[in-house]
Amino acid sequence: MIEHADGLPQPQRKWAILTIALGIIMSVVDGAIANVALPTIAKALDASPAFSIWIVNGYQLAITISLLPMASLGEIIGYRRVYLAGLLLFTLGSLFCALSHTLLLLTVARIAQGFGAAGIMSVNAALVRFTYPRSLLGRGIGLNALVVAVSAAVGPTAAAAILAVATWPFLFAINIPVGLVALALGWRCLPHVRPALHAFDWQSALLSAVAFGLGIGAIDSIGHGEPLSLCLLEFGMAAISGLMLLQRQRYMASPLLPVDLLRIPIFALSICTSIASFCAQMLAFVAIPFYLESRFGYSAVQMGLLITPWPIAVAMAAPIAGRLVEHYPAGLLGGIGLLLFAAGLGTLALLPGDPSTADVVWRMALSGLGFGLFQTPNNRTMIAAAPRERSGGASGMLGTARLLGQTIGAALVALLLARFGEQGTQLSLFAGAGFATLGAALSMLRLSPAGARGAEVVRVQESQRVKGE
């Protein structure tokens, strides 16, 4: 086994980047396409909407409860092993999804897919850190952020396109050849990283699963109008488990819940910024289709075309941001990006009664530009703030922050739609603008003396590690 001190040499680096990108594309797109295809699948399997929702919830729940344990396991047995195991499980899960002929079988297969996706998502940022040289880390994180953002944005369009020419099993069958290619490439090209010496903490993994699983389940229950008593019970059990987990993690050198990293001010601020931004993003992603259809009468095809400028703008902004963050503070870039994002969402909410195509397009592009400018510097700061041996913990928290923000955003949309009907779509966009503005404020706090000192500590530590190697 060869561990490269400062990234992989070419052409191995190129193929490792492709492997990481393929895994992310499959796991993120699959989370989005099931939402679009749910009515079609439920009808084909003769399932009620109440039970068919588990096709989506089972996948999300599996990711939620296993993301941090998978990240911790990656530090112990190696990031590439966890990533490849996740790819293999996700690919097999896709095969069983395509072959499922009952709702129960499909739900079980989706849960297996979710655990595979957690293996992919939990360590992908850590693998990026060891794939790129330190001097190019910003660009690597930028490409990673680009793949995540574009995959999330084009997922619904991809699902609609597949369903237009094929039956629903092909939504999952398409992952099989892609997964096999990624496995073959990953086996040869992903970086080897020296494993940690500490043992896996099973008790903390169980507490983490209960705390995050029930906590996010409670948020989702509120959004879907479940009884208040059930929501409070879920929150209570999640809080108790979370407190027990925190108590257990406080004195550990390499905790599964990375409280050691959360003590670093710039890391904690970046996590909070990420949660706020992804909450805003999900508020927009869920609300915009309903908003464009109910308020302006656009068809599904028209909506797909009108939303397209968003991922295109992200694709343009993310690589540029990856270069800018090598020269300018991440707090400044993130703050500017999120203010642009807030402006895009706010202007979308204030569309005129009879908007032209251009009216919608420039607002979508502004939203995508702002989000793309924010995400790369923020992610790079989170990964770089952690010691290299704690890259798994940082990677797991990056994914957890994204998932928590998206869950809160989706629950808020459901709540606003249930309470205000059609008006809830516009209110969701205003709420998204509010969360984006909050994220901008949190990002700018990293420019404060405390945040600047945290950033300087990170740079000094990184410099010392380079000299040590």
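1. Ala98 is buried, with a relative accessible area of 18%, where buried means under 20% relative accessible area, exposed over 50% and partly exposed in between, computed with a 1.4 Å probe on protein chains only. The model is a predicted one, in which local features need pLDDT of at least 70, side-chain atom pairs count only at pLDDT 80 or more, and totals for chains, interfaces and linings use all residues. Residues are numbered from 1 along each chain as its sequence is written, and side-chain values use heavy atoms, with hydrogens and water left out.

2. Ala98 belongs to helix H4 (residues 79-99); helices here are DSSP runs of H or I with at least four residues, numbered from the N terminus. Leaving aside residues up to four places away in sequence, Ala98 touches Pro169, Phe172 and Ala173, a contact being heavy atoms within 4.5 Å.

3. On the cysteines, a disulfide is taken as a pair of cysteine sulfur atoms within 2.5 Å, and by this rule the count is zero. Cys279 is in no disulfide, as the nearest cysteine sulfur, that of Cys272, lies 13 Å away. Cys279 is buried at 1% relative accessibility, and Cys189 is also buried, at 9% relative accessible area.

4. Helix H14 (residues 309-324) has 16 residues and should span 22 Å at 1.5 Å a residue, which agrees with the 22 Å between its end C-alpha atoms; the expected span is 1.5 Å times one less than the number of residues. Among the buried residues of H14 are Pro309, Trp310, Pro311 and Ala313.

How values were computed
Helix = DSSP H or I, 4+ residues; strand = E, 2+ residues; numbered from the N terminus.
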